[in-house]
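Here's a quick briefing on how two parts of one chain sit against each other. Have a look at the model first, then read on.

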Amino acid sequence: MTKSKTVFLNGVYLPIEQATISVMDRGFLFGDGVYEVIPVYTGSLFRLDGHFERLENSLALTQIGNPYSREQWRELIMPLIDNTKDQYIYMQITRGAAEKRDHAFPVGVKPSVFMMCNDIAPFEAKDAGVKAVSVEDNRWSLCNIKAIALLGNILLRQQAVENNCAEAILVREGYVTEGAASNVFAVVDGVLITPPKNNAILGGITRDVILELAKANRIPYAEDILSLDALKTASEIWLASSTREILPVIELDGDLVAGGRVGRLWQAMNGLFQNYKIAYAEEHKNS
Ligand code: PDD
């Protein structure tokens, strides 16, 4: 029999089958909560401060109290990790369980906290590239909050799945925002472009790393608006996220991107990213 996974729920570590919440939890009733996804490479939490900063921002923007300090969070996360493989921590904080269902914030209710650790399965098609489809971004205008209310993103990702694609590239009024669960990069006229951070996108931590690596390695880059028309002329398109790292797109809306081959800049950036991951884990081994 396989050992059941241990998760963290409201101050207690317990087998996942025993981790249950109240049906009155506002996460369940309203999707009233926020989350984070933090990669863990060989036991070391990747870019933890960036993830904490974004979590603190999501909590502040939703007016949910932060139940723990950064140090406390880190200590609570550690027992969930298996040092022998690449994993990611999923953490979720909801506004908590109130006595009655009411849209307005309840008074005196403690936030609910749930955390689990999952394996990062190597993304099969990564080296060969994936297909993407462009779709109208019909989500709300607070996409900078990492909200658990993901119905918009889910419906958009499903359109990609139904088109046999790995991701939906979202377009608002002719301009690319992001992927359904990723940030978008394109190489246009030799410059690596990604849309700027604002409330139309979730500012990804993987995105931050890519931009830092571009800068350090003198790869021309810009945080700039990117029209769908420009995207269609790109010599490379990439998707970036904590769970899929950097994925090259070789087909967009049924048309091949640069002849359907993985681009040279992606190969270079992916190499830089893999080295950075290893160096970062080594440097933060005991922290
Ligand atoms: N999602 N944009 C959206 C809408 C996302 O959902 C994600 C990641 C990103 C990339 O952010 P990061 O590089 O920090 O992972 C951008 C995670 C992986 C998820 O929902 O599972």
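The side chains of Arg47 and Glu212 meet in a salt bridge, at 2.7 Å from N to O (a salt bridge here is a side-chain nitrogen of Lys or Arg within 4 Å of a carboxyl oxygen of Asp or Glu). The rule finds one salt bridge across the interface of domain 1 and domain 2. Keep in mind that this is a predicted model, where local features need pLDDT of at least 70, side-chain atom pairs count only at pLDDT 80 or more, and totals for chains, interfaces and linings use all residues. Residues are numbered from 1 along each chain as its sequence is written, and side-chain values use heavy atoms, with hydrogens and water left out.

**The two domains**
- The domain assignment (automatic or from a database) gives domain 1 as 6-119 and domain 2 as 130-278.
- Taken over C-alpha atoms, the centres of domain 1 and domain 2 are 26 Å apart.
- The contact (heavy atoms within 4.5 Å) takes 22 residues from domain 1 and 20 residues from domain 2.

**Buried area**
- Between them, domain 1 and domain 2 bury about 1,800 Å², with 65% of it on carbon and sulfur atoms; this is the accessible area (1.4 Å probe) that two parts lose on being put together, summed over both.
- Tyr35, Arg47 and Arg54 supply 38% of the area that domain 1 buries against domain 2, more than any other three residues.
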